[in-house]
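Q: I would like to learn how to read helices and sheets from a coordinate file. Can we go through one case step by step?

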Protein chains: 2
Amino acid sequence: MNTTLSSRQLLQSAWQTNRILKICAQQIFASVSLLKPVETSEGKKPILYSYWHSSCSWRVRTALNWKNIPYETRAVNLLKPEKGQFAAEYRAINPTAQVPTLLIDGNNIIESIAILHYLEETRPLPALLPQDAYERAKVREIVEIIASGIQPLQNRKVQKHVGRDKRMEWVQHWINSGFRALEEKLSTSAGKYCVGDEVSMADCCLLPQVFNARKSQVDMRPYPIISRIESELEVIPAFIAAHPTNQPDCPTELSDR
Amino acid sequence: MNTTLSSRQLLQSAWQTNRILKICAQQIFASVSLLKPVETSEGKKPILYSYWHSSCSWRVRTALNWKNIPYETRAVNLLKPEKGQFAAEYRAINPTAQVPTLLIDGNNIIESIAILHYLEETRPLPALLPQDAYERAKVREIVEIIASGIQPLQNRKVQKHVGRDKRMEWVQHWINSGFRALEEKLSTSAGKYCVGDEVSMADCCLLPQVFNARKSQVDMRPYPIISRIESELEVIPAFIAAHPTNQPDCPTELSDR
């Protein structure tokens with residue numbers, strides 16, 4: 001019997017492990033959610049226009065989970081833009097043609113960081129910002145290093161514009177450039193998580209960015225603090241349930257991913 | 001006598017006009033500032049590490065002026081990076097090696113959007129965010145469209161990485177892409193300014209971005225709402241005093257700019 005596994009078999013094995021983890025996560029998260037159900041002010045569930053693989057959607061999914069806000073997902077397929085993000089119906093609610101958009105309290109809100117702040121201001125507990133103004137500034141510094149300093153330079157539309165030949169070098173360059181600064185910043189702010197020992201908006205942004213880095217084969221060894229926080233976050237039910245592979249629009253076949 | 005002016009003479013003429021406007025703005029702003037002096041909690045003036053031409057520094061200068069917070073400028077010369085942004089002393093306070101950094105209340109705060117929020121939370125009046133949560137979300141949507149969606153793709157370091165030959169096409173592409181979405185967003189949010197009739201953080205971000213667009217020869221005719229708001233903002237003393245050409249580190253000779 002040949003015991004050497006092909007890369008395809010390894011991927012399939014990883015995929016099956018992930019499915020088991022997904023079921024565990026859903027069980028854990030369902031039990032947590034049942035403890036503290038929160039409805040919107042109108043009694044309707046918010047609707048999140050999301051793409052399973054989008055790191056900005058992931059930020060918002062994490063915040064909704066963290067705050068125990070039940071929501072429905074409407075998938076926007078970024079791989080079929082004419083039927084998804086560029087469809088007239090979607091552009092009417094989000095002129096940037098990007099995900100996410102959150103329909104909540106009767107309003108469509110776009111831009112993930114604007115959504116995180118809206119959730120914090122209308123549903124403050126469990127909190128994603130500290131009470132003290134300077135501690136809040138520390139959280140927002142990290143949010144901005146990621147959300148304006150790294151993610152915009154490595155997202156799908158920029159990669160497409162850069163072109164297939166150059167995109168891997170481009171993505172690795174900007175993630176490394178941002179991570180060097182982030183690692184240094186975290187050396188003075190981090191406790192268990194990005195800022196001290198409480199989960200914050202900064203963590204909602206960090207985990208998806210590290211996922212993108214690993215997908216783009218960024219060597220994470222120069223970033224021990226980022227990697228340590230990643231390992232703390234990836235076991236928290238609200239983060240697990242928000243993971244791309246745990247979304248309803250995540251393709252079940254590897255070939256479609 | 002030859003009455004035709006060369007492009008050099010036209011620039012010099014525009015420059016002289018600007019100097020006169022600068023003196024007027026300083027006079028107006030000085031009188032406004034004298035009416036409502038605000039000291040920091042420690043009685044020391046905040047120090048803004050800034051570069052005259054940086055649009056992110058301009059956002060913060062505008063907010064400081066709007067809130068009548070006297071401050072000192074420490075110039076960080078982005079054209080001489082080894083003595084400026086990449087100097088060990090500066091990297092020690094800002095690991096991203098970018099401007100601005102604000103030393104205030106004994107702490108260094110980096111990232112312009114984090115600084116704007118810190119100022120709003122510690123010195124709420126005159127306000128740069130509305131009271132209502134959804135109106136605040138509208139402001140932050142526009143802030144993010146500019147601060148994460150446009151500016152990061154057209155800043156100095158990205159232009160340098162793209163290279164001299166391609167940078168103009170690159171910058172125009174991303175500014176136009178962002179401005180199309182922004183114009184549509186403003187069609188539902190704008191009054192006199194970006195959101196209704198009150199100046200907000202969104203306006204602090206808009207004017208520097210339009211300045212960059214014009215400098216990069218973006219055709220502004222498809223953006224009548226953005227252009228109208230620009231004309232409203234550019235006559236407000238707090239915005240005039242924050243203008244790049246009104247900064248102490250703005251070179252006096254055109255050849256150095």
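Q: How many of the residues of α5(A) are buried?
A: Burial is read from relative accessible area, with buried meaning under 20%. In this predicted model, 14 of the 15 residues of α5(A) are buried, so the helix is mostly covered under that cut-off.

Q: What span does helix α5 of chain A reach from its first C-alpha to its last?
A: The span is set against the value expected at 1.5 Å a residue. Helix α5 covers residues 133-147 of chain A and reaches 20 Å, close to the expected 21 Å.

Q: Which side chain reaches the backbone at the start of α5(A)?
A: Look for a side-chain oxygen by a backbone nitrogen. Here A:Asp132 places such an oxygen within 3.1 Å of the backbone nitrogen of A:Tyr134.

Q: Which residues of α4(A) are buried?
A: The count comes before the names. Helix α4, residues 112-122 of chain A, has 9 of its 11 residues buried and is mostly covered. Among the buried ones are A:Ser112, A:Ile115, A:His117 and A:Glu120.

Q: In what order do the 4 strands of the open sheet lie?
A: Strand order is read across the sheet, by pairing. In chain A the order is β2-β1-β3-β4, with mixed pairing. The edge strands, β2 (72-75) and β4 (107-110), each pair on one side only. Neighbouring strands of this sheet are turned by 20 degrees against each other on average, direction ignored.

Q: How many bridges join β1 to β3 in chain A?
A: Strands β1 (residues 47-50) and β3 (residues 101-104) run antiparallel and are joined by 3 bridges. Opposite A:Tyr49 stands A:Thr101 of β3(A).

Note on methods
Residues are numbered from 1 along each chain as its sequence is written. Chains are lettered from A and ligands numbered from 1 in the order in which they are written. This is a predicted model: local features need pLDDT of at least 70, side-chain atom pairs count only at pLDDT 80 or more; totals for chains, interfaces and linings use all residues. Side-chain values use heavy atoms; hydrogens and water are left out. Helices (H or I, at least four residues) and strands (E, at least two) are DSSP runs, numbered from the N terminus. The expected span of a helix is 1.5 Å times one less than its number of residues. Buried means under 20% relative accessible area, exposed over 50%, partly exposed in between (1.4 Å probe, protein chains only). A polar contact is a pair of N or O atoms within 3.5 Å; within protein, one must be able to donate a hydrogen and the other to accept it, and residues adjacent in sequence count only if both atoms are side-chain atoms. Two strands pair if DSSP finds at least two bridges between them. Axes are lines fitted to C-alpha atoms, for helices over the stretch in contact, and angles run from 0 to 180 degrees between N-to-C directions.
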